[in-house]
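Dear colleague,

I am passing a structure on to you with this message. Please look through it first; my notes come after it.

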Amino acid sequence: MQNKINILALIAGISTLILIVISIFVPWWQLAVGSPSIASVGVSPVNLNLNLLGNVFTIPIIYALNIASALTLASGGIVMLIYSVKPNQTYSNKLLGFGYKKPLYAVILFIISMFALSYLVQRFSGFAFPLLGSSSLSLPQGIAPDGANISVAVSAGFGWPFYFAIVVAGLCVAAKLYHPKVNVDMALPPPPPQL
Amino acid sequence: MQTIGIILLLISIGTVVGPVGATVIVYRDDLSQLVITPQIRDIMNGNSNIFPHGNNGNQNSNGGDSGFGGLMSPTFVSAQSDPSTHTFTGIFTVTNNFTYPLTLNSFNANAQITQQQIPAGSVSLANPVTVQPGQTTQLTISGQWSQQAQDYMVANSPSMTSVEIYVSDVAININGITVQSTGTIDVGNIPFNILG
């Protein structure tokens with residue numbers, strides 16, 4: 001049996017591992033409070049950066065989830081690489097099924113969690129921060145001191161690693177769709193016995 | 001085939017349960033610290049070093065800090081005036097008690113003479129000022145006093161040498177945070193000679 005390579009899976013696997021490294025340092029989504037900024041929030045599945053007046057906060061459970069996310073993505077990327085060079089083995093389908101979903105799930109869960117966070121923050125604190133763009137955020141009267149109105153300039157946006165993650169997820173799906181073509185040798189009937 | 005499936009399943013579970021489980025074990029004595037770290041707890045209790053206490057600014061009528069939104073503490077240094085145009089320029093020093101650079105983008109307020117609540121004019125920040133952490137910087141606030149204030153000073157100048165001033169309708173912008181207060185801030189006694 002000829003040992004082919006699923007080139008899309010190879011690119012997707014390498015891209016997934018690159019995405020992990022990038023996402024540690026560059027957030028997928030960032031919120032800056034103030035101008036110049038006095039607080040910022042940088043979020044990616046593998047890192048949460050909370051910065052208030054130059055002080056960085058680490059929330060242990062979030063940190064653990066970030067590590068879990070990084071390990072999950074890394075396992076997905078490595079399994080995709082293994083699959084890419086062994087696409088027509090009996091176990092290849094299982095490797096592909098495991099690997100291609102990881103970046104896809106990361107992107108989908110990230111988008112859902114960002115909308116959920118926006119909703120929950122607004123629901124429980126009264127702040128309606130933007131997911132994209134700039135706005136002036138007014139503090140609820142209950143929080144502001146007597147008779148004072150406090151508003152804060154905030155700006156938010158998705159960073160390029162987020163769009164790169166979408167591309168990686170797309171590559172993974174493409175690798176899955178390409179799998180039957182790579183695996184066509186296995187589907188062919190055996191040659192007739194020569195008389 | 002079956003083995004591969006089991007290995008992949010174990011990887012899926014292990015990559016999530018491993019880090020989360022380890023963190024839970026580390027914080028098993030006080031699970032609340034998984035979310036609310038000592039740093040965050042200090043902020044909630046008002047004991048954090050991030051937000052310094054004891055600003056030496058004046059106190060407002062409500063007893064709160066009168067500093068620029070509580071972020072900087074101003075101290076009056078000197079003032080100059082031009083009696084012909086009823087304008088004055090006040091020099092203040094502000095101290096940044098935070099460990100982070102702060103930029104005072106704007107400051108606007110209406111000044112009043114405390115004794116009879118006579119509108120004394122409006123004041124505003126001449127130029128934005130950035131104060132480095134722990135540093136003290138001068139800033140210039142300029143304004144124009146009203147004819148009513150001028151008349152009050154002229155009428156009282158033989159018996160009074162200074163006038164108590166407070167400011168109201170204060171609007172401050174520090175690092176994009178805008179505080180608009182309807183409360184008052186006592187500026188203190190301003191000598192008549194400053195105001196011409």
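The model is predicted, so local features need pLDDT of at least 70 and side-chain atom pairs count only at pLDDT 80 or more, while totals for chains, interfaces and linings use all residues. Residues are numbered from 1 along each chain as its sequence is written, and chains are lettered from A and ligands numbered from 1 in the order in which they are written.

Chain B

Three helices and eight strands make up the secondary structure of chain B; helices (H or I, at least four residues) and strands (E, at least two) are DSSP runs, numbered from the N terminus. Along the sequence, their pattern is α-α-β-β-β-β-β-β-α-β-β. Chain B has 196 residues, of which 29% count as buried, that is, with 20 or more other C-beta atoms within 10 Å of their own, these atoms being placed from the backbone. Among the contacts in chain B with a separation of 6 or more, 60% come from residues 24 or more positions apart; a contact requires C-beta atoms, placed from the backbone, that lie within 7 Å.

Strand β6 (residues 136–145) of chain B pairs with strand β2 (residues 87–96) of chain B in the antiparallel sense over nine bridges; pairing requires that DSSP finds at least two bridges between the strands. In this pair, B:G90 stands opposite B:I141. Strand β4 (residues 118–125) of chain B also runs antiparallel to β6(B), joined by five bridges, and B:S124 has B:S142 of β6(B) as its bridge partner.

The contact between the chains

Chain B and chain A each give 33 residues to their contact. On the side of chain B, the elements that give two or more residues are α1 (2–26), α2 (38–45) and β8 (177–191). The most come from α1(B), with nine residues.

Two helices of chain A

Helix α2 (residues 60–85) of chain A and helix α3 (residues 92–99) of chain A have axes that come within 8 Å and cross at roughly 150 degrees; axes are lines fitted to C-alpha atoms over the stretch in contact, and angles run from 0 to 180 degrees between N-to-C directions. The two helices are therefore roughly antiparallel, a term for angles over 145 degrees. Residues in their contact include A:G76 and A:M80 of α2(A), and A:L95 and A:F98 of α3(A).

With kind regards

Definitions and conventions: Contact = placed C-beta atoms within 7 Å. Parallel < 35°, antiparallel > 145°, perpendicular 65-115°, else oblique. Buried ≥ 20, exposed ≤ 12 C-beta atoms within 10 Å, placed from the backbone.
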